[in-house]
Amino acid sequence: MTPSSIAGIVLAGGRSSRMGQPKAALEWHGSTLLRRTTGLLARAVEGPVVVVRAPGQPLPPLPDGVAVVDDPVEGLGPVQGIATGLAAVADRAEAAFVCSTDMPFLHPAYARRVLRLLDADTDAVLPHARGHRQPLAAVYRTALAPVLAQMAADRQLKLGQLFERCRTRRTDDAELLADARLRGLDPQLESVVNINEPEDYRAARERPAPSITVQRYGALAARGHHGPVTVSAATLGAAAAAVELPLDRHVVAALNGDQITRDPETPLVAGDSIAFLSADAGG
């Protein structure tokens, strides 16, 4: 399976009754939860990224290239949402990493690790992490779309029923953390932590932003700004502000040496490095 045949699906629907307000638009260090989750997932897959929402549900701004699809029926939970998402990418991807919108600590290394556990004899990879099954931080083949759609039509709305009828690979903390990169970047598997109630949100929002390495190059390194520095930043805009650099049309950033962006809401995670370059100098 090639990297380009892997899609990303973010479920943004649901009533958020315990939160008391839509989770997708909750503020997250100057961005939103949905903007963060979609941006991080886009870094983990090379195929399409789609957001599945309730019919007509308003959403905050999304990164360029992220598509939005509507559930045909509201209120049928993740069974319907996953079916809709898988069907939307089935012509372009063999499988998809599926997650919910309320996972601010999702690390691309976690998604890549779970994706690597999908083999030719597997229809779904279901992690059991931090003491719980994680069907909304899991991988599904797009061929499961009609199976899930039929389950929704029959009002069989427990995802556990899917795993009993398809070839499921179950994995756990030990197997996930056998990957040295994931173990170094997310040793507590906080990627799977979600936010259900206002107290959860407040506690998560108060945590320190991830540590990021920042370096200026060329003209931007003048006046003593030489060498890398470590800052706390959850977005590219915050990283620029931390080194007192205006993120305007004259500046671009290289994320981890490859992704070029100047979008201030680009999400950052532990282990990231940012190189700020002068756009005027051809950066």
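**Close-up views of a predicted model**

**View 1. Strand E11 and its two neighbours.** E11 and strand E15 (residues 273–278) pair in the parallel sense over four bridges. The model shown in this and the following views is predicted. In E15, Ala275 is the bridge partner of Gln215. Strand E12 (residues 229–232) also pairs with E11, here antiparallel and again through four bridges. On that side, Val214 has Val229 of E12 as its bridge partner.

**View 2. The two faces of strand E11.** In a regular strand, side chains alternate between the two faces of the sheet. Strand E11 spans residues 211–216, and its covered face carries Ile212, Val214 and Arg216. The uncovered face of E11 carries Ser211, Thr213 and Gln215. Val214, on the covered face, is the residue whose bridge partner in E12 is Val229. Gln215, on the uncovered face, is the residue that has Ala275 of E15 as its bridge partner.

**View 3. The largest nonpolar core.** Nonpolar side chains tend to be buried together in soluble globular proteins. The largest nonpolar core in this model has 34 residues, and Phe97, Tyr110, Val139 and Leu176 have the most contacts inside it. At least two residues of this core come from each of strand E1 (6–11), helix H1 (33–44), E4, strand E6 (95–100), helix H3 (108–116), strand E7 (124–129) and strand E9 (137–141). H3 gives the largest share, five residues. Another core lies apart from this one; it has 28 residues, among them Ile9, Val50, Met151 and Leu159.

**View 4. The surroundings of Val139.** Val139 is one of the residues with the most contacts inside the largest core. Leaving aside residues up to four places away in sequence, Val139 touches Ala95, Ala96 and Phe97, as well as Val114, Leu115 and Leu118. Asp123, Ala124 and Val125 are also among the residues that Val139 touches. Phe97, one of these neighbours, is likewise named among the residues with the most contacts inside the core.

**View 5. The salt bridge between Asp70 and Arg53.** Side chains of opposite charge can pair when their charged atoms come close. In the salt bridge of Asp70 with Arg53, the closest N and O atoms are 2.5 Å apart. This pair links distant parts of the chain, 17 residues apart: Asp70 belongs to strand E5 (residues 67–70) and Arg53 to strand E4 (residues 49–53). Asp70 is partly exposed at 35% relative accessibility, and Arg53 is partly exposed at 21%. The structure holds 12 salt bridges.

View 6. Arg169 forms a salt bridge with Glu175, with 2.6 Å between the closest N and O atoms. Glu175 is partly exposed, with a relative accessible area of 24%, and Arg169 is partly exposed at 26%. Arg170 meets Glu164 in a salt bridge of 3.5 Å, N to O. Glu164 is exposed, its relative accessible area being 64%, whereas Arg170 counts as partly exposed at 46%.

**View 7. Cys99 and Cys166.** The disulfide count is zero. For Cys99, the closest cysteine sulfur is that of Cys166, 19 Å away and therefore too far for a bond. A disulfide would need the two sulfur atoms within 2.5 Å. Cys99 is buried at 0% relative accessibility, and Cys166 is buried with a relative accessible area of 13%.

How values were computed:
Residues are numbered from 1 along each chain as its sequence is written. This is a predicted model: local features need pLDDT of at least 70, side-chain atom pairs count only at pLDDT 80 or more; totals for chains, interfaces and linings use all residues. Side-chain values use heavy atoms; hydrogens and water are left out. A salt bridge is a side-chain nitrogen of Lys or Arg within 4 Å of a carboxyl oxygen of Asp or Glu. Buried means under 20% relative accessible area, exposed over 50%, partly exposed in between (1.4 Å probe, protein chains only). A nonpolar core is a set of buried Ala, Val, Leu, Ile, Met, Phe, Trp, Tyr and Cys residues joined through side-chain atoms within 4.5 Å. Contact means heavy atoms within 4.5 Å. Two strands pair if DSSP finds at least two bridges between them.
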